[in-house]
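The sequence and structure are shown first.

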Amino acid sequence: SNENNNDKNNNIVSTIIFDVDDTLYDVGTGFTAHRNGEIVQQYMVDHLHFKSLAAAKSIRDEYFAKYHSTAKALTVAQKDGRFPPNAPEFSVVHLANYWADKLDYTKLGPPKRDVFTFLETLQRDHNVTLVAFSNGPRNYVKRVLEELELFDLFGDERLFAVDDVLPYCKPEKEAFQTIFDCIGCTSVESCVMVEDSMKNIRSAKSLGMKTILVTGSNEEGRILPEDKPDFKDDAVDCSISKIEDLLNALP
């Protein structure tokens, strides 16, 4: 539509909200498949008393397809009575710490120093607020950001994880609203969402945000094939294949 052509503020970006997993590192690393595959299944057997990895996988996958967050998936599955009767109460923090300790972070590849430098410049010279917003649990997300050497862009105060927005999570609008309220964002139109999930991209767009879709280098490591990136979707303003391409994508 041409009606925005006269609006000189239309390209002003005040805030960039970054998803973390499969956005700030490439889905092709296999790190997400590792985290949401063997590692979470082992957790469910060891700590939640599932009888087998297969039984754990079946419940986790069923609920993850609905909620796009393992933490929320397991919370709801237990409420629905789908856990073994002798399972302890599921704790998001306990899962986060297990992931922070047990995952193979070398799969993430080298730190994202060029991305850090570029985003730090935006923050410093253009007064852009940078936010990380993940459906993963906080201590785990923080560990990923530290491994990528990107944590200092956000700090604890601008890192939002699923624990900060439960009972909601992306793509629910209440989850986004929590972030807007916390960072004091008054103009959603000047916010950009950088994401790999179509559900979350569509939700961000419906709230009035600009959207940048990260498509990934390949689909091999994607755990929700039905949510795979579609750069032709109307909700996508711009698409990049990996986070390093962001510097050419911003208005």
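**Helix α6 and its cover**

The buried residues of α6 are covered by elements that include α1 (31-48), α4 (92-102), β2 (129-133), α7 (151-154), β3 (159-160) and α8 (162-165). Contact here means heavy atoms within 4.5 Å, and helices (H or I, at least four residues) and strands (E, at least two) are DSSP runs, numbered from the N terminus. The model is predicted: local features need pLDDT of at least 70, side-chain atom pairs count only at pLDDT 80 or more, and totals for chains, interfaces and linings use all residues. Residues are numbered from 1 along each chain as its sequence is written, and side-chain values use heavy atoms, with hydrogens and water left out.

Within α6 (residues 138-147), Arg138, Tyr140, Val141, Val144 and Leu145 are buried, that is, under 20% relative accessible area, where exposed is over 50% and partly exposed in between (1.4 Å probe, protein chains only). They lie on the same side of α6 because they cover an arc of only 165° around the axis, taken from the directions from the helix axis to the C-beta atoms. Just after α6, Glu149 adopts a positive phi of about 60°.

**Nonpolar cores**

A nonpolar core is a set of buried Ala, Val, Leu, Ile, Met, Phe, Trp, Tyr and Cys residues joined through side-chain atoms within 4.5 Å. The largest comprises 62 residues, and Ile16, Phe18, Tyr140 and Leu145 have the most contacts inside it. A second, separate core of 15 residues includes Val131, Phe176, Met193 and Met209.

**Ser91**

Ser91 is located in the loop between α3 (70-79) and α4. Its relative accessibility is 29%, so Ser91 counts as partly exposed.
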